[in-house]
Amino acid sequence: MDSARARAESKVTFAPGQVQVSVRGGQVVSGGAPLDLIIEKATGVQSLLFRTIEYLGNQPLRRRGVPSVEVRDNYRPWLFQSPPGSYQFAVSIERPAQAELFGLSHFGPAQITETFLEIVRASAESPSEQLPKIVRDEGYRSVFLKMVRNLSPNGKSADQIELSGSNVEQPVVLFQHSRDIIKASTDLATKLQGSQTQETLRGILRAVHLDKDWLDITIDDNPYHVTGVSEVVDDVIGPMVNHEVLIRVSRKGKGRLLFVDIELAD
């Protein structure tokens, strides 16, 4: 049964349009892919959709916790199987029942997927020029950039991720070098001041406590404590726990490690 038929036969009403996601290359085969890879990418798409909804709804930038009950209940993403080619899945958003009660009614449901794809495209292709035209809020813009960077493939498990929508003519394709484009943009905002030196640590992210402003990374069984992470948002760093990461830090006073940026390792 294809996703369109499945949606039609369900008792749930879905918003117009959907996001079609195709994962190709690397360890991906026709109709099959590593489970952890697909869970990671599906979760990334869901997080980006929720962020898009919050942005369109003029909600304050959320740095902690999950989306509000109103957003989760009224714009619930569903995952559908798509016809095999590479490894494909479709994400549809349940039509909101009472969005007008929560200040979310000024944008149409189809606008969610269209804006979502515009944000992903601009983040991957023109983060410095096009993205500010779509996302004017600097805080949201920074979060979107880092989330799209995480969604981009690492070249090992997968070579490319294609996202498309029924109302968008050209699909958005993320490659490994999409990370480099975004990194070049985000680096502009994270240059250090004065004589502080910056270095990159590669290891396993073991623990995070954003409220207490620290994270722990393990390198060759040796623990390293990094502070200054309070401005990082949950759904950027949360999926990285127990994964290999690259953390850019500066050393301040007595070898103290001060956080600059974090991304999944290649």
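The structure is a predicted model, in which local features need a pLDDT of at least 70, side-chain atom pairs count only at pLDDT 80 or more, and totals for chains, interfaces and linings use all residues. Residues are numbered from 1 along each chain as its sequence is written, and side-chain values use heavy atoms, leaving out hydrogens and water.

Confidence is a friendly place to begin. The pLDDT is the predictor's confidence in each residue, on a scale from 0 to 100. The protein averages 84, and 83% of the residues score at least 70.

Five strands build an open, antiparallel sheet, arranged in the order β2-β3-β1-β4-β5; two strands count as paired if DSSP finds at least two bridges between them. At the edges stand β2 (77-81) and β5 (172-175), each pairing on one side only. On average, neighbouring strands are turned by 20 degrees against each other, direction ignored. Within the sheet, six bridges join β1 (residues 19-24) to the antiparallel β4 (residues 160-165), and Gln20 has Ser164 in β4 as its bridge partner. Helix α2 packs on this sheet and touches β1, β2, β3 (87-93) and β4, its direction making about 30 degrees with that of β3. Such angles run from 0 to 180 degrees between N-to-C directions, with axes fitted as lines to C-alpha atoms, for helices over the stretch in contact. A contact means heavy atoms within 4.5 Å.

In soluble globular proteins, nonpolar side chains tend to be buried together. A nonpolar core is a set of buried Ala, Val, Leu, Ile, Met, Phe, Trp, Tyr and Cys residues joined through side-chain atoms within 4.5 Å, where buried means under 20% relative accessible area, exposed over 50%, and partly exposed in between (1.4 Å probe, protein chains only). The largest such core has 61 residues, and Phe116, Leu163 and Leu174 have the most contacts inside it. Helix α2 (residues 35-56) gives the largest share of this core, 10 residues. Leaving aside residues up to four places away in sequence, Phe116 touches Val19, Val45, Leu48, Leu49, Thr52 and Leu163. Thr115, in helix α4 (residues 109-125), is buried at 9% relative accessible area.

Charged side chains complete the picture. A search of the whole structure finds 12 salt bridges, each a side-chain nitrogen of Lys or Arg within 4 Å of a carboxyl oxygen of Asp or Glu. In one of them, the closest N and O atoms of Glu54 and Arg62 are 2.9 Å apart. Glu54 is buried at 2% relative accessibility, and Arg62 is buried at 11%. Arg62 also forms a salt bridge with Asp235, at 3.6 Å between the closest N and O atoms. This pair links distant parts of the chain, with Asp235 in helix α8 (residues 234-237) and Arg62 173 residues apart.

Another salt bridge joins Glu244 and Arg202 at 3.0 Å, N to O. Glu244 lies in strand β9 (residues 244-252) and Arg202 in strand β6 (residues 198-209), so this pair ties together parts that are 42 residues apart in sequence. Glu244 is partly exposed at 37%, and Arg202 is partly exposed at 38%. Elsewhere, salt bridges that share partners join Arg51, Glu54, Arg62 and Asp235 into one network.

Terms used: Helices (H or I, at least four residues) and strands (E, at least two) are DSSP runs, numbered from the N terminus.
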